[in-house]
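Please have a look at the slide first.

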Amino acid sequence: MPSTDLQPSARVTSQQVKSGAAAWLGWMFDGLDMHIYTLVALPFVAELLRVSPSAPEASTKASLIQAAFLFGWAMGGAVFGRIGDVLGRSRTLSLTILTYAAFTGLSFFAHTWWHLLIFRFLAALGIGGEWAVGASLLSETWPSRWRPWLAAILQSAVNIGVLFACLAGWLLSAAPYRTLFLVGILPALLTLWIRRAVPEPEVWASAHDHAHGRKPRLRDLFGPELRRTTFLVVAVCSLGLTAHWAMLFWHSAHLRTLARDEGWSKERIDALANHALYLLNAGAVVGNFLAGWLARYIGYRRAIGGIFGVYFVLMMFTYGVVRDAEAIVFWLPFLGLVQGAFALFTMCLPPLFPTLLRTTGAGFCYNVGRTFAAIGTVTFGLFAKIGSGSGAICDHRLALFYSAFLFLPAALVSWFWLPEAGPIPIAETVVVTPPLAVPEP
């Protein structure tokens, strides 16, 4: 039978629906557990340290915790990516979700800043692994013509998860900051359904059966056939994610500082932080679909490169000059739009690697980028420190401004040199009945 990537079917099988639902829900809870911390990072860490939220010590420790989270994300992508290639996509997806749910919930019990650092690191292992496994699961069960829209839908799950985190923050605004982490336990319930309902992709099962125990190794990513692709993908991910995560982490601290300097109450500042995340993620949901539409016409690599270029320009408009809190908020939906570039990584990266190196390759490259993002979060945070000793203050606008320049080389490498994702043969001939009829996209 010919590949459905060449002759796409108008029917969606129940296997595809289940794999899509599992990946979407996993990513939604990713977004929830990922951004619970960013909502309360500065005030909660200051509470643990028993200092003012404006103290440089609180800012430094909060960024170290976020760096540990990003390091854990990187390590989880490599570790669970390898497990996903050996053990299977569905089984590993359940393990990753259990990991991040358990350790996000345990963050409630943190009583020092380094307790929180350890719990966030361990939670990030699962979040990083879930990205690689979920992306490979979908790329192996859906034909290529659907993938730009799947990328948008999947990335939108993260944004919706962030919105749920904001909702939880609003509902629990009167409770202690640590209470918010208990919401992160909810994803554990999802694993019960995944293990029962979601089968392994036939592409992986076939490759696994024909390997006869001879599995590709991590070092094969640096062999003659894959070395160039590996280094280019690592470069784009490292540059783009460092700039992006500096923005995601420091924009809230910047808004809080501006509002506090303007004499806002604690309740009004917390509401501002929640409102900012709503605007950012509402824009990102729209941006995911715009990015998918753009990729259909000019390809993944040029779409990613072009959007990164626009991301840089918008960061200059937003943080290149001193603005008050309300002026910053105006630009956040536009900054959300350009975050659609990261939706394209979901379907762009896995096809660049062979089947039994797919989650390993995508997870390794994307999450090495997280390692650089972790270093960048701390480094650019140091740029924000003005003065020394007890009189030092933090101007997070500088961290946001300087980090944005990394989008420029990321855009150039992606546009000119990143390989274009090709199709993965998908055996849709084995249909799990009843199929669902859908219109041609």
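I will begin with the cavities and then turn to the cysteines.

What you see is a predicted model, in which local features need pLDDT of at least 70 and side-chain atom pairs count only at pLDDT 80 or more, while totals for chains, interfaces and linings use all residues. Residues are numbered from 1 along each chain as its sequence is written, and side-chain values use heavy atoms, with hydrogens and water left out.

A search of the whole structure finds four cavities of 30 Å³ or more, a cavity being a set of points, on a 1 Å grid over the protein atoms alone, where a 1.4 Å probe fits but cannot get out. The largest cavity holds about 250 Å³, where volume is the space filled by probe spheres set on the points, joined across faces, edges and corners. Its lining comprises 21 residues, of which M34, Q155, V158, H244 and R370 are the closest to its centre; lining residues have an atom within 4 Å of a point. At least two lining residues come from each of helix 1 (14–49), helix 5 (147–171), helix 8 (227–261), helix 9 (266–298) and helix 13 (358–383), helices being DSSP runs of H or I, at least four residues, numbered from the N terminus.

Now, how many disulfides are there? The count is zero, taking a disulfide as a pair of cysteine sulfur atoms within 2.5 Å. The sulfur of C237 has its closest cysteine sulfur in C365, and because these are 6.6 Å apart, they are too far for a bond. C237 is buried, at a relative accessible area of 0%, and C365 is likewise buried, at 0%, where buried means under 20% relative accessible area (1.4 Å probe, protein chains only).

Terms used
1 Å grid on protein atoms, 1.4 Å probe; cavity = no way out; pocket = protein on both sides within 12 Å on 5 of 7 lines; lining within 4 Å. Buried < 20%, exposed > 50% of the residue type's maximum accessible area, 1.4 Å probe, protein only.
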